[in-house]
Every structure is written in C-alpha cells, then in structure tokens.
Amino acid sequence: MATQRKHLVRDFNHYITCYICKGYLIKPTTVTECLHTFCKSCIVQHFEDSNDCPKCGIQVHETNPLEMLRLDNTLEEIIFKLVPGLREKEQEQETEFWRKNKSKENEDDGPRTKRPRMEEDDDEDGDQDYHRSDPQIAICLDCLRNNGQSGENIVKGLMKKFIRCSTRVTVGTIKKFLSLKLKLPSSYELDVLCNGEIMGKDHTMEFIYMTRWRLRGENSYPMVLQYRQRIDFG
C-alpha cells in the first residue's frame, strides 16, 4: 500500500500569503488584469496612491483600479481550512478593533477628524447614533470634469475619495458631504451619477447599489459614484 505524502502549511505559503503585508491572505482579492491576489484591505489602501499592481507593476486601470478587483471567496475558505485557528483569530481581531475604535469615538470631544463615517451629515433628524447599527457600504467618490462647459469649474477631486457609510444615506446627504469637503458655496449645485446616470436626491445607497450598480453587472468593490458641477441646459 502506497503511503501518502504529508504536506506542511509552509509548503503552500507562496500561494496563500499577501505580497504586501506578508501575512496570510485575509479576504483574498484578485486583480483581474494580472490575476495577482492580495488582502482586500492591503490592495484597496495601495490603490489610494497608485494605479499599478504592487507585484508586477502593470497599470491596472487609468483612473479607477478598484473596478478591476474581485473577491475570491473560494480561496478564503481554502486558507481557513489550511491554517488552523486563522478564522477565529481574524474574527477576534476584527471584534477587538471595532470595540477599541468605538471606545475612542465615545471619548473624543474634539472635531470629527478620525471618524471613518460621514458623521457630518449622516442624520438630519437629530438622532445621534449616526446609523452605526445599519449595514455599511463602501463608496468611491470620483470627480467628473465638465469638459466643454463655459465658465470656471471649481469642483475638484477629494483628497480621500473612499468612504464608508450607512446604506440608508441618500444622494442628498452625499451632495452635502461633498459641498462641505470641497468648501463649495451654498448656491452651488452638484450632480451625482452612477454608471453615467444622474441619481435623484432621495435615492439611498442601497437603492443605487441594487438597481444601478449590481444589476448592470458591476461587481467591483467599492461602488463608484461620480460627481460634477450641475450642467444648465437652459
């Protein structure tokens, strides 16, 4: 009877570790342009400063490299089966992270500088929980230039265009958030678009994701919304 060869976990490390952080892949995310895989948080953070793959150097996308990312749930399950205790350890670290950050938020009496959610405008009714218990959605806010429009276009790109907010946040709130961040005059009008279509001010992020983003075959992370100066056709 032939004996089966036993493999150690380290024999597979080349296939299940992240090139960026050198740890085991957490929420493995593949770049469809070159098929290299990284931790989701690692590659999303990398694309804040570069449009190139950190491993092979190929340009992933000219403007929105996040559109070329796909989660690999099958690989994630394989890694969790190969590495004993990794799933539980990751869950514990995630729980501890949110517990510590929640404590810091409660102790922070200063300006809302380190809070990752859109707390400036998340709630217009005076409810102070800012929808923290709601399902969250990641969004990329991309500036769309109005080429050919007369007059000076004062709409600029955000320094940090990736945000996370409640799925109940409306387009109207997104517009207010942009106006505050870009320091636009109160009379200045913005359009918010998804896949080239102008979104109504009462549309929620969940509605846009379900009816405009996902149903058009977009599976990238995060959802991309574009904004521009409102065009006057009058």
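Predicted model: local features only at pLDDT ≥ 70, side-chain atom pairs only at ≥ 80, totals over all residues.
**First stop: strand E8**

Select residues 223-229, which form strand E8. Of its 7 residues, 6 are buried, so the strand is largely enclosed by the rest of the structure. In a regular strand, side chains alternate between the two faces of the sheet.

**Second stop: the partners of E8**

Next, select residues 190-194, strand E6. Here the pairing with E8 is antiparallel and extends over 4 bridges. Centre the view on Gln 226 of E8, which has Leu 193 standing opposite.

Most residues other than glycine have a negative phi.

Select Lys 27, located in the loop that lies between helix H1 (13-16) and strand E1 (28-31). Although Lys 27 is not a glycine, its phi is positive, at about 50°. The relative accessibility of Lys 27 is 37%, and the residue therefore counts as partly exposed.

Then move to Leu 35, in the loop between E1 and strand E2 (37-39). Leu 35 likewise is not a glycine, yet has a positive phi of about 70°. Is Leu 35 buried or exposed? With a relative accessibility of 63%, Leu 35 counts as exposed, because the cut-off for that class is over 50%.

Definitions and conventions: Residues numbered from 1 in each chain as written. Heavy atoms only, no water. Buried < 20%, exposed > 50% of the residue type's maximum accessible area, 1.4 Å probe, protein only. Helix = DSSP H or I, 4+ residues; strand = E, 2+ residues; numbered from the N terminus. Pairing = 2+ DSSP bridges.
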